[in-house]
Amino acid sequence: MGVIAGLRTSGAIAAGKAARVASRMRGGGSALPGLVAERVDPAILQHTLGSLPRGVVVVSGTNGKTTTTKMVVALLRAHGLRVFTNPTGSNFTRGVISALLGEVGISGRVDADVAVLELDEAHALKFAEVVAPTHALLLNVARDQLDRFAEIDHTARLLTTLAEQTTQAVVLNADDAFVSRIAGQLAPGVGVQWFAVDPAVADRLPEIQEADVRFDDPADAPTLGDQDGLLLPHDERSFTIRFPGGVDVGPLTLRQRGLAAMINATAATTMARVLLGPDWDAATASSALEAVHPPFGRGEVIDVDGAPLELVLVKNPAGFTVALGTYGNEPVATMIAINDNYADGRDVSWLYDVSFESLRDRGVSVTSGVRAWDMALRLRYDAVEVDRVEADLDTALDAFLGLHRGEPTRIFCTYTAMMHLRRRLATRYDLARFGEDPDA
Amino acid sequence: MSAAHKGEVHLVHLYPREMSIYGDLGNTRCLAARLRWHGYEPVVHGHHPGERWPAQAHLVLGGGGQDSGQVRVQDDLDRQADRLRELAADGVPMLMICGMYQLFGEAFITVEGRRLPGLGVLDVTTTGNRTRMIGPVVLDTDFGTVVGYENHSGSTVLGPGQQPFGSVLHGEGNNGQDRTEGARTHNVVGSYLHGPILPANPRLADGLLEIAARRVTGEFVPGELDDRIADEAHQRQVVRLTGRRR
Ligand SMILES: [Zn+2]
């Protein structure tokens, strides 16, 4: 990069930093500074991230990105690496730039060994056009409700293109035909590592991931090698990750429950092991995973006057089904809050692709959000009793907590409903600041 | 005949695996539940590609799908074409959403200009588009106002004399130009509306199953249904999107 380009980058960083200060003073707008810098110099990412000594890891897929990214970061930090990552939930290119601006000096250097970035499918591709990832971890392809991913085939293509841009190694989900098929599309010399679930529990997978209906037979499952990670669940919370050619990770217990979280841990561990090579240590990995807190909204537990309130983000049929399966065997007082803003997915049809029968015994205390009545209607068709329908989130939350004082409670909510509820809860209870992770 | 058994009504959902994206199977579930609430006995058949056609079919449903899903059902749909055309002409109620609505039309013209013939039950022609029509919809129809959600890239034009399913009060409809949505011939309704369309539009749901019940048993004796939740969900969308109650 020539002098002029270098100056442009410095100018971009200065402009972005100024915007960041300005937007902070106004108290919001985390995407804005990134937008400013991106406009000044789109190569800013390339300049600052392209030269990190241990590379750039991109985590993508429909479900589990945030949790998995946190786990990869925790694993690498536990092994002594300095890791740059984008803050929880800001999985857009601009969010990455915003985060960078907080960390780089005016020289444009970021003080890290490696970057681990959570990017959604479309933005991962835009990102890769500027910075080729050295490593990509691809989790799954499910139907998401954001309108821009109207077609699952389209989403699968985006991930395939991302993998094609990756320069050193990809880690793929062997159990997801949309993802495993990508192995045939890589540049020469790019390594493939797999993560997979023990075939003994594979019958539980259809409930948490999308089946590819194009073929009568499941696509030929890849054969696992020595360096691939195999998940062996022991119960709802404890499991072992087996690398046939190495030392087991675990048995260990996560702070988050359920098969989906274990699969995320297996994916993250396989990725970290590839990246660390000879520096890898199984015991270090195991304790790092056990210390990871669930990202806010993903099974976050809030202490409400001594009783636990769980906030569970739901955004698509596979995710909601996982959440119900994870929590269904411990029924507690339940509220469901469904908004239909852009970030929630404006179409609520997907609620009919989820079975709510596990809520039948206990019923649902309150449905809320803009589509509170549609949610109640959906439950009626699964013969789940609803005590109260209250579209206003604040009123609903007060009623719900009032009705179940001192009891454990759980709220399933779409994205903007979760943001709203969490903001409300944050003012009352001792929560990490809105949008921030307690230990990010 | 007991009160809880006014007669069996057989529902056939065409291609539930390939063509029921965005909760369209919810339409079938809704009809089955409402038949039961009205005192009839629903029998639901999922018709998969290559399978034998069920012995009885009183109401036929189909939904939207991925391009790949449409490709997979094409051969079977060709095999069932004559039968479906006969049932339609005979007055069997059918509800075809999105992709299946297009396949029930005269033809689909791809983005590349290729003409793929449809069943021709509805005189509509759909042209592939690069931009999608996406968003919530309110219609005025023979079944009252109808709310739902459209998500289609095809732009559909009605042939001369083809009756639409409804007129658009909010949203894009068939093509974003002529304010028509869907198509209706005999008792076959084609529409782009997901939602799924039936649960929040109980008048449409009951309209379809009333026709089916009359054909099977000679009459329709409605049960006492509590539709307060459905009516509220429906009315809230109408008010929110059109600015007033209708
Ligand atoms: Zn559609």
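1. Starting with the contact between the chains: chain B and chain A share two salt bridges. In one of the salt bridges, the side chain of A:Asp382 meets that of B:Arg29, with N to O at 3.5 Å. Counting polar contacts, there are five residue pairs between chain B and chain A, with both residues at pLDDT 80 or more. Do keep in mind that this is a predicted model.

2. Which parts of chain B touch chain A? At least two residues each come from α1, α2 (67-89), β8 (133-141), β9 (144-152) and α5 (228-242) of chain B. Helix α5(B) gives the largest share of that side, seven residues. Sorted by class, the side of chain B that touches chain A holds 14 nonpolar, 11 charged and 10 polar residues.

3. On to the extent of the contact. Interface size is often quoted as the accessible area lost when the parts come together. For chain B and chain A, the buried area is about 2,900 Å², and carbon and sulfur atoms give 54% of that. Chain B puts 35 residues into the contact and chain A puts in 30.

4. Now the metal. Which residues hold the zinc ion? The donors are B:Cys98 through SG, B:Asn151 through O and B:His194 through NE2, at 2.1 to 2.6 Å. Along the sequence, the donor residues follow the spacing C-x52-N-x42-H. B:Asn151 sits in strand β9 of chain B, while B:His194 is in the loop between β14 (188-191) and α4 (202-217), so to speak a link between distant parts of the chain, 43 residues apart.

5. The peptide bond leading from B:Gly195 into B:Pro196 is cis, and its omega is near -20 degrees. Chain A has a cis peptide bond between A:Gly250 and A:Pro251, with omega about 5 degrees. A:Pro251 is placed in strand β9 of chain A, residues 249-253.

6. B:His38 is worth a click. This residue is in the loop between α1 (25-37) and β2 (41-47) of chain B, and it counts as buried at 3% relative accessibility. Its side chain comes to 2.9 Å from the backbone nitrogen of B:Gly223. Neighbours within four places in sequence aside, the contacts of B:His38 include B:Lys6, B:Asp206, B:Leu209 and B:Phe220, along with B:Val221, B:Pro222 and B:Leu225.

7. Two backbone angles to check by eye. A:Asp305, not a glycine, has a positive phi of about 50 degrees. A:Asp305 falls in the loop between β10 (298-304) and β11 (307-313) of chain A and is exposed, with a relative accessible area of 61%. B:Arg179, likewise not a glycine, has a positive phi near 65 degrees. That arginine, B:Arg179, is in the loop between β11 (166-170) and β12 (180-181) of chain B and counts as partly exposed at 36% relative accessibility.

8. Last, chain A as a whole. Its secondary structure amounts to 14 helices and 15 strands. Of the 440 residues in chain A, 57% are buried. Taking contacts in chain A between residues at least 6 apart in sequence, 73% join residues at least 24 apart.

Terms used:
Residues numbered from 1 in each chain as written. Chains lettered and ligands numbered in written order. Predicted model: local features only at pLDDT ≥ 70, side-chain atom pairs only at ≥ 80, totals over all residues. Heavy atoms only, no water. Helix = DSSP H or I, 4+ residues; strand = E, 2+ residues; numbered from the N terminus. Buried < 20%, exposed > 50% of the residue type's maximum accessible area, 1.4 Å probe, protein only. Polar contact = N/O pair within 3.5 Å; in protein donor to acceptor, adjacent residues only side chain to side chain. Contact = heavy atoms within 4.5 Å. Buried area = accessible area lost by both parts, 1.4 Å probe. Salt bridge = Lys/Arg side-chain N within 4 Å of Asp/Glu carboxyl O. Nonpolar A, V, L, I, M, F, W, Y, C, P; charged D, E, K, R; others polar. Donors = N, O, S within 2.8 Å, 3.2 Å for Na, K, Ca; no water.
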